[in-house]
Amino acid sequence: MSFEDDLARLDAIARALEGDRLPLDEALRLFEEGVARLRSAAAALDTAESKVKQLVEEADGTLTVRDTPK
Amino acid sequence: MTQPGEAPESAMDVSMLAGYIKAVVEGSVPPLWVRGEVTGFKAYRSGHWYFTLRDAESQIRCVVWQRDTARMRAQPDEGMHVVAFGRLNVYAAKAEIQLSISRMEAEGDGLWRKAFEEARLRLDVDGLLDPARKRPIPRYPRTIAVVTSPDGAALQDIIAVARRRDPTVAIVVVPAVVQGDSAPASLRGALKRVSKWRGADLVIVGRGGGSREDLWAFNDERVARAVAACPIPTISAVGHEVDVSLCDLVADLRAATPSAAAEAAVPVRADVQAEVTRTARRLRVALSRRAERARGDLVRTQREFGSRARRVIEMRRAWIVSLSASLDALSPLRTLDRGYAVARREDGTPMTSVFDFTAGDGFSLVVRDGKVDARTIATRPDTE
């Protein structure tokens with residue numbers, strides 16, 4: 001699940017909770033999912049400064065990401 | 001001993017003369033630029049092009065060999081004024097001189113414009129220019145692939161801007177040649193790799209500014225098609241001022257420069273963090289409101305049913321104990337909203353069972369916006 005998906009889902013969850021149509025058990029379930037997704041989003045943001053990498057095609061056709069030669 | 005052709009006895013064969021002409025012409029005239037007007041253009045199935053260049057007084061036959069046509073932007077139109085670079089050849093079978101052209105430009109930008117328009121039309125016919133095709137650019141990409149030259153200024157600009165906005169966003173360079181004859185194939189290869197890899201949330205494809213010739217690979221129809229086929233949203237960033245490239249037209253977003261592309265791609269980290277914090281707050285507030293409302297609903301429900309109807313509560317214990325869907329189902333306001341009605345006795349107590357009704361007796365029916373006076377005609381319990 002990508003950061004983008006997490007945030008989009010969190011927005012949907014917040015909207016659903018803010019509406020008044022939700023049965024309570026559903027609201028609790030969504031809240032729990034929201035907390036999990038907040039954790040995952042926060043973890044994604046919490047990564048270290050990233051180095052610029054290069055996408056390289058190996059001889060056998062597989063693609064790997066390597067540090068850029070400097 | 002007389003030289004060939006010097007006397008009737010040493011007369012040349014025609015073929016010898018043709019060979020002589022060929023040797024002299026081809027051996028002594030260097031490749032040169034010629035200016036003239038195109039007439040009688042014909043592209044043969046072999047791939048070679050034949051036409052005549054002329055001016056007011058003279059004309060010369062011209063050929064563009066198939067292998068050289070790829071370098072021409074487009075076929076010249078009848079009457080187009082061109083400058084052509086080529087060498088003189090003699091077609092020995094007819095002792096005819098022709099100009100073998102390897103490069104050609106229309107005066108003004110005729111050929112460039114024509115090539116561009118032709119390719120644009122084909123992309124349009126295939127629906128690739130349809131604005132409805134454009135995908136939204138992800139708002140929070142974590143990995144951005146950059147298809148460009150690893151040595152170009154464009155990459156440095158993109159890295160600098162992206163770093164400034166959010167140093168944790170990963171940038172993966174997909175190296176490509178971005179100018180010259182090998183650029184189109186190289187760009188297509190890089191786009192193919194990034195499509196296959198699928199590790200990026202977003203692809204920026206571009207290069208810094210340059211002459212029209214330098215930028216021409218981004219007007220290559222097949223490169224544009226590769227951009228259009230990319231399964232990941234694309235931003236084109238071909239550094240040029242006025243002209244739009246074919247890649248710009250098919251990309252999901254066009255940025256005027258590589259720096260602008262990075263700005264459009266990478267949100268400022270502080271804003272993203274604020275957004276996450278705001279969302280967390282929204283969740284907490286919404287849930288606590290919902291919980292408060294649930295408590296209120298419960299209190300109301302108990303008051304409504306009262307001690308007299310405790311039996312009903314017992315019977316439907318699951319509804320209340322779970323504090324879940326049953327809360328909603330028991331909450332009169334919410335249920336009525338959905339198009340149900342509540343039957344009540346004169347004293348206001350709800351009638352929820354068929355056995356609460358007696359034929360001939362009156363009761364009132366509460367609907368969303370008022371009450372209805374009603375009378376029971378007959379009761380029909382479910383038979384199990």
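The model is predicted, so local features need pLDDT of at least 70 and side-chain atom pairs count only at pLDDT 80 or more, while totals for chains, interfaces and linings use all residues. Residues are numbered from 1 along each chain as its sequence is written, with chains lettered from A and ligands numbered from 1 in the order in which they are written.

**Confidence**
- The predictor gives the complex an ipTM of 0.78 and a pTM of 0.59.
- Where pLDDT is low, the predicted coordinates should not be read in detail.

- In contact (C-beta atoms, placed from the backbone, within 7 Å) are 39 residues of chain B and 34 residues of chain A.
- On the chain B side, α10(B) gives the largest share, eleven residues.
- Strand β1 (residues 53-57) of chain A and β7(B) run parallel, joined by two bridges (strands, E, have at least two residues and helices, H or I, at least four, as DSSP runs numbered from the N terminus; pairing needs at least two bridges found by DSSP).
- Gln54(A) stands opposite Val173(B) in β7(B).

- The axes (lines fitted to C-alpha atoms, for helices over the stretch in contact, with angles from 0 to 180 degrees between N-to-C directions) of α5 (residues 183-197) and α7 (residues 221-229) of chain B come within 9 Å and cross at roughly 10 degrees.
- That makes α5(B) roughly parallel to α7(B) (angles under 35 degrees; over 145 is roughly antiparallel, 65 to 115 roughly perpendicular and the rest oblique).

Terms used:
Two residues are in contact if their C-beta atoms, placed from the backbone, lie within 7 Å.
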